[in-house]
Amino acid sequence: MTVPAIELKGISKAFGPVQANKDISISVAPGTIHGIIGENGAGKSTLMSILYGFYKADKGEIWINGNKTDIPDSQAAIAAGIGMVFQHFKLVENFTVLENIVLGAEDGGLLAPSLSKARKELKALEEEYELFVDPDKRIDEIGVGMQQRVEILKALYRKAEILILDEPTGVLTPSEADQLFRILDRLRAEGKTIIVITHKLREIMENTDTVSVMRRGQMTATVKTADTSPEELAELMVGRKVLLQVDKVPAQPGKPVLKIEKLSVFDSAGVERVKGIDLTVRAGEIVGIAGVAGNGQSELLEVLGGMRPGQGSIKLNGAPLALSGPGSDGQARRAQHIAHVPEDRQREGLVMDFHAWENVAFGYHRDPAYQSGIFMNNAALRADTERKIEKFDVRPPDAWLTAKSFSGGNQQKIVVAREIERNPDLLLVGQPTRGVDIGAIEFIHKQIVALRDQGKAILLVSVELEEIFSLSDRIAVMFDGHVMGERLPHETDEKELGLLMAGVAGEAA
Amino acid sequence: MEFFITFIQVLDSTIRLATPLLLACLAGLYSERAGIFDIGLEGKMLMAAFFSAAVAAVTGSVWLGLLAGIASSLVLSGLHGLASITFRGNQLISGVAINFLAAGMTVLVAQSWFEQGGRTPSLFGGGRFTPINFPFAESLSGVPIIGPIYSELLSGHSILVYVAFLMVPATWWILYRTRFGLRLRAVGENPAAVDTAGVSVVGLRYAAVAICGVLCGIAGAYLATALQAGFVKDMTAGRGFIALAALIFAKWRPWHAMGACLLFGLLQAIALRFQNIDLGGVVIPVQAMDALPYVLTVVILAGFVGKAVPPRAGGEPYVKER
């Protein structure tokens, strides 16, 4: 038996009363890809931060290549051959690629020799691993996929033999994610050991050799990927059976609720982002908009939600909506029974430093039920919040916690509860499950379908094709501001949608 | 020719007046490039001005005065560092506190030490920095154009003036050509990147704050021992804030900082030279002229400079996060 590249023995770590990691042991063979899966808050990132010297374990040992190793700081982790690609990249945005790679690994006091040496080595690395980047481009000039390559190159430049990637596909498009895993394959072939932390079952199933499951700070299982199934992993993660497929009856579409005709939207720089699209959403159906991020879907949602002016015609139940000027803001939209779960919950959906009950009021703070003369009736608001928290199973069930102290899934539940509980005629949903764990995904999907079954119209925008397929009754694909075509989910497949998303024209439906 | 002489004299005075601004501006540049906002430049300069003058007056040695000025400024820098780096406090509040501390303490200590109404005794002889005359300055002064430029404008300043202007290329070189500079700029933009690369964020930031202290110390010492002969109450007169304005105007770049400081220096020089301008019957009062540099500061800070993007992590204490 070969010596494991990494072996953790009995790692425990507590933050105050919270036991983030409890007696975790794990062993990863060299030259393999090992997945660590678990819901948000299960302790995956804490464990990896211990391995990278960000936190010190309360108990336990780390063995690297058969040697007991102390990792008090990142310097020690780098020296031990560990490289880490964080979920949020640690790059200096106005530095070039080359400068970012050299930073902290310079050869001497002067920069010039370090840079020219790095340039040469970068070329060699690029050829060896097919990791192409332009060393002289600034980080803010390149896309996220490229930035991630820079992070990987940074680790390789520091002679990392063990590479840890934390939620690497969270910010990537499907094709960028595929590219990433091709690169990781290549690295594995060269003998590197790779640990991928994710909560996406599909990535684990398709790309890893072995997988460990974490739940509530503990390692619940380590299995060979080939011997397991997504259903089994999901159950190990959540601790109960999880429906991976959304259970729903066929839609019973009624009259059109939302009718968009020749809608054009310009961004603040004057670029046309939505180019004269037509789209109809009927009562009792979910229309999913698929597309690679940045093809006009966000702008479409923003116009409908009253966050941005547009040109053309939008009718709600036959009555035209104001697209600019008075009556076109979010307040007016809500008064017209349009609810909006925005794409970025942390920026647009919540005020992170405010309490849950204050967040529940946003957008509906003029509701008479929340008023008491000229004052807010905070007691009523809190009671309402507690009711929503209970109904949507927000955990922990505490209306006094600030939004930022909830996990991503529970933050999203607060937003969804606020919007759905208003019983809107039209629900706009952007990326409802981005960064949300599967237990919460299942719950949020159920709520959306339940709203549909009450005969409401729902417009869903998601970059996750899986989500589009499992929720939508009709799928429209957007590319470069146009609707490339509409399909019924059971009459199409990922391949066809992928082509439409890439702008290869199909026949319009 | 008379106009030319006046012109040269105004420029000469510009250089003298721009020097403390430039030193303070570069001091701020190091600190802010590392992500530590420093509105305490003013206080540090004032403290250094007092201690340099006091020590120079007592010992008769301007060099000891300079060292004392730098040391006192460094103590305040250390305080700022402690508050904003180690204890992750609010950098603006710490800076304001330093300004108040310096404004009050200098006068108090001066009064109890020298009993001259909150000032130090006038400095003379070895207690002041004297002008350095370039070779042949005297004999070349008669040569038209070049003569006055050489002997009036370039020659005849104190050593600190030359130090200040040499600090400009030196700062540029350090910032863009050395490992320290790369890390310094990085820690002001994204300290997490520096931290994960295995470099100490705290160490870098303290280094930057210390350099800031040394430069503010020189600036203060220059005010009290070279530009003037002794310390008087509030003698910095807002120069620390003008230096901050110049820093923003320069968008945190060394050569531009020099340009901005020379511009502010020129305005001060004009105000000093033309106390009353007679515009055909209407006399512009001296107060208006004296206010000119400050008015310009406000105009520039009000956004005349266009979009100035400060170092991205500026003002934010670094907290380790995954």
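**Loop residues with positive phi**

I began with B:Arg88, whose place is in the loop between helix 3 (62-86) and helix 4 (91-114) of chain B; helices here are DSSP runs of H or I with at least four residues, strands are runs of E with at least two, and both are numbered from the N terminus. I read a phi near 50° for B:Arg88, a positive value in a residue other than glycine. B:Arg88 counts as exposed because 12 C-beta neighbours lie inside 10 Å; the convention is that a residue is buried with 20 or more other C-beta atoms within 10 Å of its own, exposed with 12 or fewer and partly exposed in between, the C-beta atoms being placed from the backbone.

I noted that this is a predicted model, in which local features need pLDDT of at least 70 and side-chain atom pairs count only at pLDDT 80 or more, while totals for chains, interfaces and linings use all residues. Residues are numbered from 1 along each chain as its sequence is written, and chains are lettered from A and ligands numbered from 1 in the order in which they are written.

In chain A I looked up A:Arg216, which is not a glycine and yet has a positive phi of about 45°. A:Arg216 lies in the loop between strand 9 (210-215) and strand 10 (218-224) of chain A, and with 14 other C-beta atoms within 10 Å it is partly exposed.

**A cis peptide bond**

I then checked the peptide bond between A:Arg395 and A:Pro396, which is cis with omega about -5°. A:Pro396 is found in the loop between helix 13 (378-391) and helix 14 (408-420) of chain A.

Which order do the strands of the open sheet in chain A take? I find four strands in the order 2-1-4-5, with antiparallel pairing, where two strands pair if DSSP finds at least two bridges between them. Strand 2 (18-28) and strand 5 (67-69) of chain A are the edge strands, each pairing on one side only. From one strand to the next the twist averages 30°.

I followed strand 1 (residues 6-15) of chain A to both of these partners: with strand 4 (residues 59-64) of chain A the pairing is antiparallel over five bridges, and with strand 2 of chain A it is antiparallel over seven bridges. A:Lys9 has A:Glu61 in strand 4 of chain A as its bridge partner, whereas A:Leu8 has A:Ile26 in strand 2 of chain A. The hairpin of strand 1 and strand 2 of chain A has two residues between the strands, and A:Gly16 takes a positive phi near 60° there.

**Helix packing in chain B**

I looked next at helix 8 and helix 10 (residues 201-227) of chain B, which pack at an angle of about 105° with their axes 10 Å apart; the axes are lines fitted to C-alpha atoms over the stretch in contact, and angles run from 0 to 180 degrees between N-to-C directions. Helix 8 of chain B is therefore roughly perpendicular to helix 10 of chain B, a term that covers 65 to 115 degrees. B:Arg183, B:Leu184 and B:Val187 of helix 8 make the contact with B:Val201, B:Leu204, B:Arg205 and B:Ala208 of helix 10, a contact being two residues whose C-beta atoms, placed from the backbone, lie within 7 Å. These residues divide into five nonpolar, no polar and two charged; Ala, Val, Leu, Ile, Met, Phe, Trp, Tyr, Cys and Pro count as nonpolar, Asp, Glu, Lys and Arg as charged, and the others, Gly among them, as polar.

**Where the chains meet**

How many residues of chain B are in contact with chain A? I find 18 residues of chain B in contact with 24 residues of chain A. Helix 8 (179-189) and helix 9 (191-196) of chain B each supply at least two residues of the side that touches chain A. The residues on that side of chain B divide into seven nonpolar, four polar and seven charged.

**Each chain overall**

Buried residues make up 46% of chain A.

Chain B has 13 helices and two strands. Its radius of gyration is 20 Å, which agrees with the value near 20 Å for a compact globule of 322 residues. Buried residues make up 46% of chain B, and among its contacts between residues at least 6 apart in sequence, 77% join residues at least 24 apart.

Conventions
Angles under 35 degrees count as roughly parallel, over 145 as roughly antiparallel, 65 to 115 as roughly perpendicular and the rest as oblique. The radius of gyration is taken over C-alpha atoms; the globule rule is 2.2 Å times the number of residues to the power 0.38.
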